[in-house]
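Could you read the following note beside the coordinates before we discuss the fold? It is arranged as numbered points.

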Amino acid sequence: MFSSLAVYCGANRGFYPEYTDASIETGQFFANNNIHLVYGGGSIGLMGKLADACLEANGKVTGICPQFLIEKEVGHNSVSELIVVQNMHERKDKMAQLSEGFIALPGGLGTLEELYEMLTWKQLMLHNKPIGLLNVRGFWDPMLQQLDRMVEEGFLHPQNRSLMVVSDSISDLISKMLEKRPQQGLDAWWVSPK
C-alpha cells in the first residue's frame, strides 16, 4: 500500500452529490488504509470534504496552501499539518515531494493544471510515480477522448497516453495504481510519433 498520495480536486463541490460522496469515500479510504493524504490545504469544496472525512476517520492529512489563500480564509486549520508556501508553484512542488503518487478527483482549472503538470513531468521522466483519475459520473471522459485525439493526430505517443490509470472506484483505482509498474524506455518527448 502507498504511505502517502497527493489528491487534486475542486474548491467547489459541483452540482451533483456523487462528487461530494466520492470525496468523502476517498478520505475515509485513505484513513482506513493508513495512506497519508497530501492535498491543497483548502477547507471548502471537495477539498474540504476530502480532508474532513480523512480526519474524522483518524487519518493523517497534510495541507499545502499558499499564503494568499490563507489570507482569503480558505485554509483548513484542523488538518494534521498545514504547510504555508509562497505561491502555487511551491505548493505543487511540495505536494509532489511528499507523495508517492497522484490522484485527480473532479475539479476545475486548478485541478486540470496540477494533473497535467504531473503528467508532463512523468512524460519527461522527471518522476515515475503513478497517476490516477477517479472518474466520478464519467467526469473525465471528455478529457480522455481529447487525449485519444492527440494520439490520433500525432501529438501524443500512445505509451504516454497510458501514463495514468482510470476508475470510478477509489479502491479499484488504488489497486490499479499499485499494479502499475514503472515504465522504462519511453520514447523521448521530442521524437515524432510517426
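The points below go from the basis of the model to the sheet, the helices and a few loop residues.

1. Basis of the values. This is a predicted model, in which local features need pLDDT of at least 70 and side-chain atom pairs count only at pLDDT 80 or more, whereas totals for chains, interfaces and linings use all residues. Residues are numbered from 1 along each chain as its sequence is written, and side-chain values use heavy atoms, with hydrogens and water left out.

2. The sheet as a whole. Seven strands form an open sheet in the order β4-β3-β2-β1-β5-β6-β7, with parallel pairing; strands here are DSSP runs of E with at least two residues, helices are runs of H or I with at least four residues, and both are numbered from the N terminus. Two strands are taken to pair if DSSP finds at least two bridges between them. The edges are held by β4 and β7 (164-167), each of which has a single partner strand, so one side of each is left without a neighbour in the sheet. From one strand to the next the twist averages 25°, where angles run from 0 to 180 degrees between N-to-C directions and axes are lines fitted to C-alpha atoms, for helices over the stretch in contact.

3. Strand β1 and its two neighbours. Three bridges join β1 to strand β2 (residues 36-39) in parallel, and Leu5 stands opposite Leu37 of β2. With strand β5 (residues 102-104), β1 also pairs in the parallel sense over three bridges, and here Val7 faces Ile103 of β5. Five of the five residues of β1 (residues 4-8) are buried, so the strand is largely enclosed by the rest of the structure; buried means under 20% relative accessible area, exposed over 50%, and partly exposed in between, with a 1.4 Å probe and protein chains only. Ser4, Ala6 and Tyr8 point one way from β1, while Leu5 and Val7 point the other way.

4. Strand β6. Strands β5 and β6 pair in the parallel sense over three bridges, with Ile131 of β6 as the bridge partner of Phe102. Strand β6 (residues 131-134) pairs with β7 in the parallel sense over four bridges, and Gly132 stands opposite Val165 in β7. Ile131 and Leu133 point one way from β6 and Gly132 and Leu134 the other way, all of them buried.

5. Packing of α1 on α2. Helix α1 (residues 17-32) and helix α2 (residues 45-56) pack at an angle of about 35°, with their axes 7 Å apart. Their crossing is right-handed, that is, the near helix is turned clockwise from the far one by less than a right angle, anticlockwise being left-handed. Among the residues that meet are Tyr19, Ile24 and Phe30 in α1 and Leu46, Leu50 and Ala53 in α2, a contact being heavy atoms within 4.5 Å.

6. Gly75. This residue is found in the loop between α3 (67-71) and β4 (81-85), and at 10% relative accessibility Gly75 counts as buried. Not counting residues up to four places away in sequence, Gly75 touches Gly41, Ser43, Cys65, Leu69 and Ile70. The C-alpha atoms of Gly75 and Ile64 are separated by 8.9 Å, with the two residues 11 apart along the chain.

7. Positive phi values in loops. Which backbone angle of Asn58 is positive although the residue is not a glycine? It is phi, at about 65°; Asn58 has its place in the loop between α2 and β3, and at 73% relative accessibility Asn58 counts as exposed. Arg137, in the loop between β6 and α6 (141-152), likewise has a positive phi, near 55°, and is partly exposed with a relative accessible area of 43%.
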